[in-house]
Amino acid sequence: MLHQAPKTQTHPRVLGTRRDPPALRQCCDSYICPVCDQVVELTDFRQVVWHQRPGHKPMEMDG
Ligand SMILES: [Zn+2]
């Protein structure tokens, strides 16, 4: 007679509903570039790329 071991099911434990705000989350969609002191719109990919270059100048804005 075979004795079957009871199945051990591992339920992932839900540790409550903690809502920690992401540390790197900015409050807005823009920041001041530390290199050229220009406001960088994080929604504009061109601006983000531009201000990642070391030693860059402020981006010229048309308009
Ligand atoms: Zn910049």
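Tutor: Two residues are in contact if their C-beta atoms, placed from the backbone, lie within 7 Å. This is a predicted model, in which local features need pLDDT of at least 70, side-chain atom pairs count only at pLDDT 80 or more, and totals for chains, interfaces and linings use all residues. Residues are numbered from 1 along each chain as its sequence is written.

Student: Which residues does H56 touch, not counting residues up to four places away in sequence?
Tutor: H56 touches V35, C36, W50 and H51. Between H56 and C36 there are 7.1 Å in space, C-alpha to C-alpha, and the two are 20 residues apart in sequence.

Student: And where is H56 found?
Tutor: H56 is in the segment after α1 (45–50). Helices (H or I, at least four residues) and strands (E, at least two) are DSSP runs, numbered from the N terminus.

Student: In what order do the elements run?
Tutor: From the N terminus on, the order in the protein chain is β-β-α, with one helix and two strands.

Student: Changing topic, what about the phi of D37?
Tutor: Phi of D37 is near 60°, a positive value in a residue other than glycine. D37 lies in the loop between β1 (30–32) and β2 (39–41).

Student: Why does D37 count as exposed?
Tutor: D37 is exposed because it has 8 other C-beta atoms within 10 Å.

Methods:
A residue is buried if 20 or more other C-beta atoms lie within 10 Å of its own, exposed if 12 or fewer, and partly exposed in between; C-beta atoms are placed from the backbone.
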